[in-house]
Amino acid sequence: MNDMAPQVLISEADISKRVAELADEISADYANKTPLIMVGVLKGAFIFLADLSRRLSIPRTIEFIAVSSYETGSVQSGAVRLVMDVRGSLVDKHVLIVEDIVDTGHTLDYLIGIMKSHGPASVRTCTLLHKAESAEVDVPIDYTGFSVANEWVVGYGLDYAEKDRTLPYIGIVNPEDRA
Ligand code: PRP
């Protein structure tokens, strides 16, 4: 049934509260570490980055990066390819990579390497969701919104086949219902 609404996992109110907490923590941590550049990972992080960045109380600028996973049939190989790099210089800047979800960890692992190659003063990571059970590589995550189980989650930027990205909450879908 394609029109079945995803089951609510994290409500809009709970997301908003947690985003505010993360913003307070990041603002305190970076009070003496400027300039801060937030690097959002397209597409999934666009809503989280928009909300998080607007709640910070410190100077910050925004960049975006896009990657794509190599797939063998429907199976992800773990290899990641850069589709779009940041536009501005990161030299001597404090970089915070902002992800919507860390699943196997391959994407974030690759992105940390890319960011470090730009000569920044520091690189840290922030993700709204972390699927710890699915980890295949050990990546450092400095700020985590919520830990989630190994379910297919959508909404607040996350999609299932490009659907449900703009839901205001995080929901769970059963791929069999969406076939
Ligand atoms: C998602 C998410 C992360 C990545 C995490 O992106 O936004 O970038 O997967 O997975 P990993 O930890 O297993 O590497 P996706 O490929 O769904 O693209 P999208 O953000 O454009 O939807």
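Predicted model: local features only at pLDDT ≥ 70, side-chain atom pairs only at ≥ 80, totals over all residues.
I started at the ligand and looked up G105: one of its polar backbone atoms is 2.8 Å from an oxygen atom of the ligand.

Next I checked how covered the ligand is. Taken alone, the ligand exposes 500 Å², and the protein buries 78% of that.

For T104, an N or O atom in the side chain sits 2.5 Å from an oxygen atom of the ligand. For G44, I found a backbone N or O atom 2.9 Å from an oxygen atom of the ligand.

Which residues come nearest to the ligand? Out of the 14 residues around the ligand, I wrote down E99, D100, T104, G105 and T107.

I sorted the shell around the ligand by class and got six charged, five polar and three nonpolar residues.

Where does the shell come from in the fold? I noted that β5 (94-102) and α3 (106-116) each supply at least two residues of the shell around the ligand. β5 gives the most, with four residues.

Last entry is on S134. I located S134 in the loop that runs between β6 (122-130) and β7 (143-147). Buried or exposed, I wondered about S134? S134 counts as buried, because its relative accessibility is 12% and the cut-off for buried is under 20%. I also listed what S134 touches: leaving aside neighbours within four places in sequence, S134 is in contact with D103, T104 and N150. T104 was already in my notes, as its side chain has that N or O atom 2.5 Å from a ligand oxygen.

Definitions and conventions: Residues numbered from 1 in each chain as written. Heavy atoms only, no water. Buried < 20%, exposed > 50% of the residue type's maximum accessible area, 1.4 Å probe, protein only. Contact = heavy atoms within 4.5 Å. Near = heavy atom within 4 Å. Polar contact = N/O pair within 3.5 Å; in protein donor to acceptor, adjacent residues only side chain to side chain. Areas by Shrake-Rupley, 256 points an atom, 1.4 Å probe, with all protein chains shown as cover. Nonpolar A, V, L, I, M, F, W, Y, C, P; charged D, E, K, R; others polar.
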